[in-house]
Amino acid sequence: MRTTCPYCGVGCQVEPRLKEGRIVEVRGAEIPPNHGALCVKGRFGLDFPFSGKRLLYPMVRERKGAPLRRATWEEALDFAARRLLEVLGRRGPEALAVFPSAKTTNEEVYLAQKLARALLGTNHVDHCSRLCHSSSTAALSRSLGGASMTNPLEDIWKTDLFLVVGSNTTETHPVIGAMIKKRVRQGAQMIVVDPRYTGMAEASTLWLRVRPGTDLFLLNAMARFILEEGLWDRAYVEARTEGFAEWRASLEAYTLEEAERITGVEKEKIALAARLYATTERAGTYWAMGLTQHTKGTATVQALVNLALLTGKVGKEGAGLNPLRGQNNVQGAGDMGALPDVLPGYWKVADQEARRRFEALWATPLNPDPGLRMTEVYEAIPEVEAIYLIGEDPVTSEPHQDHLKAKLERLPFLIVQDILENETTPFADVVLPAASFLEEDGTFTNTDRRVQRVRKILDPPGEARPDWWITRELGKRLAQALGRPWSLHPGPEAIWEEIRQAVPEMVGGITYRRLEGEGVRWPCPQEDHPGEAVLFRQRFNTPSGKARFIPVHFTPPAETPSEEYPLVLSTGRVLYHWHGGTLSRNSRLQEAYPELKVEVNPKDAGRLGIHDGEIIQVVSRRGRIRARAWVTDRTPEGVVYAPFHFAEAPANRLTLDALDPTSRIPEYKVAAVRLEKL
Ligand code: SF4
């Protein structure tokens with residue numbers, strides 16, 4: 001049976017073959033988006049549902065300090081509902097937060113945010129996009145009026161030049177990385193902007209090795225050079241954009257000479273990249289966390305958006321602005337309203353007309369005030385008294401781990417709903433065991449807006465239940481106590497039908513029947529609509545229909561190297577593992593990549609007397625971890641790179657919780673550290 005890979009946003013279609021209830025082989029289905037291809041995670045990483053760390057029955061902690069004890073579903077759900085209602089009654093909706101998961105289905109995200117808004121009355125609703133692409137969402141929304149990839153993955157075959165910024169695509173979105181590299185072998189050019197010598201840098205035709213945290217300066221300098229040389233698309237700018245004059249004036253300081261000094265990239269290379277990008281009609285831009293996870297993440301994405309508008313790259317085939325989404329359903333989680341300021345379909349909670357639509361559908365008044373973002377909610381503990389956390393492990397994924405742990409210790413009530421035990425489970429007051437992607441039906445939406453089916457192949461183990469069922473049952477108890485309406489959907493398809501009603505302009509034309517074949521891309525308003533491939537061909541989704549240039553300026557990272565901490569730590573992922581490691585490290589992938597390896601440049605290693613394979617300590621102002629040194633010139637001199645998958649050596653013990661002022665994304669890519677020999 002065919003289903004969707006639960007790891008990254010590519011959304012590969014997989015065909016697991018089972019024998020005696022175990023996966024013995026996984027094949028890639030011969031349909032889009034992967035056409036038979038899979039990476040190592042899809043092929044060998046799907047056996048985590050059989051892990052001994054599965055949560056098999058509900059558990060409750062009667063009071064702080066008491067142990068978690070096994071409970072029935074009735075007991076656990078009654079207890080959870082009672083505690084949430086107690087906080088609601090005493091402190092009001094602002095003391096409650098709900099975090100749906102980008103690893104659960106669209107139907108489950110929709111239901112969880114509906115529970116928050118329609119029953120608890122809180123807009124403190126958010127998901128892990130806060131930690132990855134919230135900067136992209138902020139910049140794209142305010143400039144274009146929409147926050148997703150503008151172009152489909154098929155456009156890779158029509159692209160003549162790729163501008164890849166801060167994306168180690170080969171390891172983080174491997175099937176897309178392979179597509180791009182194949183297109184480069186066919187003759188397309190590729191400019192890669194990255195401090196590390198990644199697989200994409202290796203395959204590039206031009207590699208710009210920027211200093212971490214300086215991309216914005218480079219992008220503004222490229223724009224200034226394009227203007228100076230008269231290479232910009234005057235007709236496009238005049239017809240389709242606004243704010244050009246003010247933005248142009250803001251670029252005065254961004255000379256090539258100054259860009260070389262700040263970014264470390266030779267000015268001739270910056271000029272060449274600018275010239276190539278401006279003069280190639282079908283030039284597509286792809287980016288990921290290297291660009292977004294900074295205290296100036298929104299501004300940096302904005303600089304990329306400005307550059308694309310200047311050269312007329314948005315709304316055209318083979319071009320566009322394409323943020324590569326991380327989790328399997330992170331696009332869907334945003335679409336379904338798992339954000340503090342928007343309802344499903346990106347309708348703003350502060351917009352009365354938008355609220356009316358959902359108030360009519362859900363038959364209840366809604367809170368008009370945008371909620372706190374995920375990073376702000378954790379800071380607001382203990383004023384925020386209760387969190388319903390679904391499919392997340394913040395202890396591993398949030399920055400400044402010790403600070404986060406101290407906050408969670410002060411949180412009066414935490415519900416953890418997950419499939420596997422993780423680093424956050426010990427902080428829970430209620431543990432609700434959820435079904436995995438193999439054990440339930442539903443839909444995921446991949447990085448290029450393609451809605452695809454998730455199909456049940458196995459029964460969940462023990463007493464685990466699908467997330468939609470758990471949220472429905474918790475909602476039933478809340479609704480009864482509050483005297484509010486709450487639909488008891490019999491299954492995921494019925495929830496999807498409500499979503500079609502809620503946001504018809506987005507997914508009204510997508511039915512489960514249509515999804516029996518290939519997935520369908522939104523927007524798809526009618527059943528005979530094929531789904532929109534390229535966005536913004538005619539107009540942007542802004543009030544004027546025009547895209548906006550917005551001036552942005554370079555500021556240094558929040559923490560820079562010092563005598564005591566002379567190196568820059570950058571964190572990220574590796575091919576074999578996935579984010580907090582909850583899934584991949586409970587699969588066969590763990591054997592292939594069992595421990596943390598920290599990349600150290602040979603010059604730094606030589607200075608410090610560190611040998612390849614030696615166990616060292618990485619120390620920041622916030623803590624220290626032990627790791628094996630990998631001496632390699634993949635990482636530049638002065639920079640160490642650590643993946644964050646390893647709970648026993650958590651890179652996020654070292655990172656800092658400085659936030660972007662707009663998106664509130666943390667600065668994961670630049671922290672000052674030193675290395676110590678044991
Ligand atoms: Fe799964 Fe992503 Fe690998 Fe495809 S590229 S198999 S979706 S992890």
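Predicted model: local features only at pLDDT ≥ 70, side-chain atom pairs only at ≥ 80, totals over all residues.

Reader: Which domains is the protein divided into?
Author: Domain 1 (3–50), domain 2 (59–129 + 328–503), domain 3 (134–323) and domain 4 (567–677). These bounds come from an automatic or database domain assignment.

Reader: How many residues do domain 2 and domain 3 give to their contact?
Author: The contact takes 6 residues from domain 2 and 6 residues from domain 3. Contact here means that C-beta atoms, placed from the backbone, lie within 7 Å. On the side of domain 2 that touches domain 3, there are no nonpolar, 4 polar and 2 charged residues. Ala, Val, Leu, Ile, Met, Phe, Trp, Tyr, Cys and Pro count as nonpolar, Asp, Glu, Lys and Arg as charged, and the others, Gly among them, as polar. The C-alpha centres of domain 2 and domain 3 are 35 Å apart.

Reader: What does UniProt list for residues 1–53?
Author: An unreviewed UniProt entry lists "domain: 4Fe-4S Mo/W bis-MGD-type" there. UniProt positions follow the numbering used here, feature names are shortened, and annotations may be inferred rather than shown by experiment. Over residues 1–53 the chain is 9% helix and 30% strand. Helices (H or I, at least four residues) and strands (E, at least two) are DSSP runs, numbered from the N terminus.

Reader: Now the ligand. Which residues come nearest?
Author: Cys5, Cys8, Cys12, Cys39 and Gly42, out of 14 residues around the ligand. A residue counts as near if its C-beta atom, placed from the backbone, lies within 6 Å. Helix H1 (40–44) and helix H6 (174–185) each give two or more residues to this shell.

Reader: And what classes are in the shell around the ligand?
Author: It has 9 nonpolar, 4 polar and 1 charged. Domain 1 and domain 3 each supply at least three residues to the shell.

Reader: Switching topic. What is the strand order in the open sheet?
Author: The 6 strands run S5-S4-S15-S14-S13-S6, with mixed pairing. Two strands pair if DSSP finds at least two bridges between them.

Reader: Why is one side of S5 and of S6 left without a neighbour in the sheet?
Author: Strand S5 (69–70) and strand S6 (96–99) stand at the edges, and each has a single partner strand, so one side of each has no neighbour in the sheet. S6 runs parallel to strand S13 (residues 386–390), joined by 4 bridges. Val98 stands opposite Tyr388 there.

Reader: Which strands close into a barrel?
Author: 6 strands do, in the order S20-S24-S21-S23-S22-S25, with mixed pairing. Strand S22 (residues 615–620) and S25 are antiparallel, with 5 bridges. Gln617 is opposite Glu676 in S25. S22 also pairs antiparallel with strand S23 (residues 623–631), over 6 bridges.

Reader: Last one, the backbone. Where is Pro382, and what is its bond from Ile381?
Author: Pro382 is in the loop between helix H17 (374–380) and S13. The peptide bond from Ile381 to Pro382 is cis, with omega near 10°. Another cis bond joins Trp522 and Pro523, with omega about 0°. Most peptide bonds are trans.

Reader: What about phi of Glu20?
Author: Glu20 has a positive phi, near 50°. Glu20 sits in the loop between strand S2 (13–19) and strand S3 (22–28).

Methods: Residues numbered from 1 in each chain as written. Contact = placed C-beta atoms within 7 Å.
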